[in-house]
Every structure is written in structure tokens, then in C-alpha cells.
Amino acid sequence: LPGSHVLVPGCGPEGPDGDTLLDAATLEAHFSGAREELVADVAVTRRKHVHKPKGAPAGSVQIAQERTIQVRIEPDRVERLLRTIGRTEVACHLAE
């Protein structure tokens, strides 16, 4: 699956809370081809369902048991998240 991916560590079995999921999905959309869109579809799954196909180029993955969420790309949220990258960890695996 081409596109950007965000891994959110430390979610536990219940997964990330709603704000963390929205932050991760926003970052994924920002770093994907959807950067200029108002709304982006983001596939969400657990890390154990993400695999690199044999022989696939670096960064390509296959995902299973995903669900798709729509995220409205809010410039203020993107700006806040970009300022905090490196100081906070964003949480679970998201793929475009």
C-alpha cells in the first residue's frame, strides 16, 4: 500500500484514544498525497496486521483487518503537531 504511515506505540489492547487517533490520522494525511485536500480517507489497523510484501519496494506495505476513517485536515492541528514532533510520540498504525 503506497502512501505515508504512522505508528502509534504504547496503545495497549484497547488501541489509541480518539484524540491520539485523530492526531495520527492528521499526520498521515499531511505527509501523504492528500496534503492539499480538505478531507482524507485514512486506513487504520493494528501493527500485527501490517506486512511488507516479499520483493516490494521499501515503504510498501499490505494491511489487513483495516477500517477507514475520514479525517478533516485542520491546518491549526497540523501546525501544532508538526511543532511537537520529536517531543511526543503519536500512537497505532495508520496507512493511506
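In this predicted model, Asp17 caps the N-terminal end of helix H1, with a side-chain oxygen 3.0 Å from the backbone nitrogen of Asp19. Helix H1 covers residues 18–30, a run of 13 residues. From its first C-alpha to its last, H1 reaches 18 Å, close to the 18 Å expected at 1.5 Å a residue.

The buried residues of H1 include Leu21, Ala24, Ala25, Leu27 and Ala29, and also the residues Asp23, Glu28 and His30. His30, which lies in helix H1, counts as buried because its relative accessibility is 12%, under the 20% cut-off. Leaving aside neighbours within four places in sequence, His30 is in contact with Arg35, Val78 and Leu82.

The chain as a whole contains 2 helices and 6 strands, arranged along the sequence as β-α-β-β-β-β-α-β. Of its 96 residues, 40% are buried. Among contacts between residues at least 6 apart in sequence, 76% join residues at least 24 apart. The accessible surface comes to about 6100 Å², and 51% of this belongs to carbon and sulfur atoms.

The average pLDDT is 81, and 85% of the residues score at least 70. The elements with the lowest and highest mean values are tabulated below.

| Element | Residues | Mean pLDDT |
|---|---|---|
| Strand E6 | residues 93–95 | 38 (lowest) |
| Strand E5 | residues 67–72 | 92 (highest) |

Over residues 87–96, pLDDT stays under 50, although the model has 56 contacts beyond four places in sequence for these residues. Where pLDDT is low, the predicted coordinates should not be read in detail.

Key. Residues numbered from 1 in each chain as written. Predicted model: local features only at pLDDT ≥ 70, side-chain atom pairs only at ≥ 80, totals over all residues. Heavy atoms only, no water. pLDDT = per-residue confidence, 0-100. Helix = DSSP H or I, 4+ residues; strand = E, 2+ residues; numbered from the N terminus. Contact = heavy atoms within 4.5 Å. Expected span 1.5 Å × (residues − 1). Buried < 20%, exposed > 50% of the residue type's maximum accessible area, 1.4 Å probe, protein only. Polar contact = N/O pair within 3.5 Å; in protein donor to acceptor, adjacent residues only side chain to side chain. Areas by Shrake-Rupley, 256 points an atom, 1.4 Å probe, with all protein chains shown as cover.
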